[in-house]
Amino acid sequence: MTDTTSSDTPRILFVCLGNICRSPAAEAITRTLASRAGLDLQLDSAGTGSWHIGEPPDRRMQSAALAAGYDVSGHRGRRVSALDFDRFDLIVAMDRENLADIETLRPAGSDTPVRLMLSYEPSGRMDVPDPYLEGGFDAVLRLIERAAEGLLDELRGTAG
């Protein structure tokens, strides 16, 4: 993420478990779609676990993302922290377990919303599957794309 001082530019953090598959993909997809739509956003991603701090995204996610038109190769894993509640206007969790873990970090008095990624996608599903162990990178990317479109629609005020 770059400058976080602008109050007019929405600041969004995407969070998954290790920050090497789903959340960097959500960041890259949302950045690309927002750019195409002319929306100015400040985006970042993080993980609730500390296993992959400083590491690039999983090579399988890098390959699948690149084939779909998204470059995640420059990302390096980091862990979400309580400070992120002040740095971001919205925190988006990839699944319910991550959402619960994020909420344990919430500082007293913080009203920063934390939502599930798929709350922006009409499939009725709640969790973005973790492809790290389960595979299905292409399907996960498509699911995140649909949710990112819904998020952007909401930011534009056209969700319906």
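**View 1. Helix H1, residues 22-37.** Helix H1 comprises 16 residues, 22-37, and spans 22 Å between its first and last C-alpha, close to the 22 Å expected at 1.5 Å a residue, where the expected span is 1.5 Å times one less than the number of residues. Helices (H or I, at least four residues) and strands (E, at least two) are DSSP runs numbered from the N terminus. This is a predicted model, in which local features need pLDDT of at least 70 and side-chain atom pairs count only at pLDDT 80 or more, whereas totals for chains, interfaces and linings use all residues. Residues are numbered from 1 along each chain as its sequence is written, and side-chain values use heavy atoms, with hydrogens and water left out.

View 2. Just after H1, Gly 38 adopts a positive phi of about 75°.

**View 3. Helix H6.** With 20 residues, H6 reaches 28 Å from first to last C-alpha, close to the 28 Å expected at 1.5 Å a residue. Its buried residues include Phe 137, Leu 141, Ile 144 and Leu 151, and the cover over the buried residues of H6 includes E1, H1, H2, strand E3 (90-93) and H5. Gly 157, which follows H6, has a positive phi near 80°.

View 4. Where pLDDT is low, the predicted coordinates should not be read in detail.

Methods. Buried < 20%, exposed > 50% of the residue type's maximum accessible area, 1.4 Å probe, protein only. Contact = heavy atoms within 4.5 Å.
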